Amino acid sequence: MLTKIMHLLQMTDSTFPVGTFSFSNGLETASHMGIVHDAETLEQYTRSVALQAAYSDGVAALLAYRAARKGDLEAVMEIDRELMLFKMNDEARMMLQRMGKKLAELAVRLFPDDKLIAGWLEAIKAGTTPGSYPIAQGLAFAHGRLSEEDLYASHQYGVINMVLGAALRCVRVSHYDTQLILQTLSAEVPQYYAVAREMTFADMNSFVPEMDIFASLHEKGNMRMFMN
C-alpha cells in the first residue's frame, strides 16, 4: 500500500519530468486579453479547463487503463487515435503528444518489463499512434496496479495544477490564492469521476469553445511565455 501511494505521489508531482510547466491551457492568452485577471476569474477559468478535461481526456485515460489491464495494445492505440481526432486545435494536440511521448519514454525506464508500454512507445516512434498524455497515464497507472480512482484524481490534479502553476507567472495572484482554488476544485473531482467512469467515446464532450479561440489567437500571437 505504501509503495502504491509513493508511486501515485511520484506521477502526480508537479516536478514529474513530462513538461507540464511549458503549457498553460490557454491561460496566457486569457490573461493577456484581461479575461483572467484575479483569483475569482482564475478559479472560473480553471474550473472550465477541469470540466473540459474531465469528460474528454479523463475518459480516454480510463479507457486506456482498462485496455492496458487486459494487455490489449490495439485497443490502446485505437483510443489514442480517437482522442487526438477529438482535439480541435493544433496546440492541444501538440501539448498532449509532447507530454505523452515524454511519459512513454520515462515509463519504459521505470517499468522495463512492461511489453505493452514498450510496444506503445515503438508505435509512437513509428508514427502509427499519436502518443497522447492521457493514454500514457492510463498505461503507467495500470502497470503500477493503482486504481481507476487514483488515475482519474491524478489526471484532474495535473490539469488543474498546470493552469494554477502558469497563473503564478502571468496573473496577479498569490500562492495562497492558487492553493485555495486547488482545494476548492479538488473537492469537485469525485462528482466528475462518478459520471466519467460510465462514459464511452460516444459520450465524450468538451464544449468550451473559448479554449479553442484562445489557442488560435496564441498560435499567431507575439507574446509567448508558454507553448500553448
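Me: In this predicted model, which element gives the most to the lining of the second largest pocket?
Reply: Helix α8 does, with three residues. The elements that give two or more residues to this lining are α4 (57–69), α7 (115–126) and α8. The pocket has a volume of about 170 Å³.

Me: What makes the lining of the second largest pocket divide into nonpolar, polar and charged residues?
Reply: The lining includes Ala68, Arg69, Gly71, Asp114 and His143. Ala counts as nonpolar, Asp and Arg count as charged, and Gly is among the polar residues. The lining therefore divides by residue type, into five nonpolar, two polar and three charged.

Me: Why is Leucine 2 called exposed?
Reply: Its relative accessible area is 68%. Exposed means over 50%, so Leucine 2 is exposed. Leucine 2 lies in helix α1 (residues 2–12).

Me: What makes the nonpolar surface patch of about 610 Å²?
Reply: Met1, Leu2, Ile5, Met6 and Leu9 make it. A patch residue needs over 30% relative accessible area; Leucine 2, at 68%, is over that cut-off.

Me: How many cavities of 30 Å³ or more does the count come to?
Reply: The count comes to one, and the largest cavity has a volume of about 30 Å³.

Me: Which residues line the largest cavity, and how do they divide by class?
Reply: Met11, Phe16, Leu103, Tyr133, Gln137 and Phe141 line it. The classes are five nonpolar, one polar and no charged residues. Helix α8 (residues 133–143) gives the largest share of this lining, three residues.

Note on methods. Residues are numbered from 1 along each chain as its sequence is written. This is a predicted model: local features need pLDDT of at least 70, side-chain atom pairs count only at pLDDT 80 or more; totals for chains, interfaces and linings use all residues. Side-chain values use heavy atoms; hydrogens and water are left out. On a 1 Å grid over the protein atoms alone, a cavity is a set of points where a 1.4 Å probe fits but cannot get out, and a pocket is an open set with protein on both sides within 12 Å along at least five of seven lines; lining residues have an atom within 4 Å of a point. Grid points are joined across faces, edges and corners, and a volume is the space filled by probe spheres set on the points. Helices (H or I, at least four residues) and strands (E, at least two) are DSSP runs, numbered from the N terminus. Patches are made of residues with over 30% relative accessible area and no salt bridge: like charges are joined within 9 Å, nonpolar side chains (Val, Leu, Ile, Met, Phe, Trp, Tyr) within 5 Å. Accessible areas come from the Shrake-Rupley method with a 1.4 Å probe; for residues, only the protein chains shown count as cover. A salt bridge is a side-chain nitrogen of Lys or Arg within 4 Å of a carboxyl oxygen of Asp or Glu. Buried means under 20% relative accessible area, exposed over 50%, partly exposed in between (1.4 Å probe, protein chains only).
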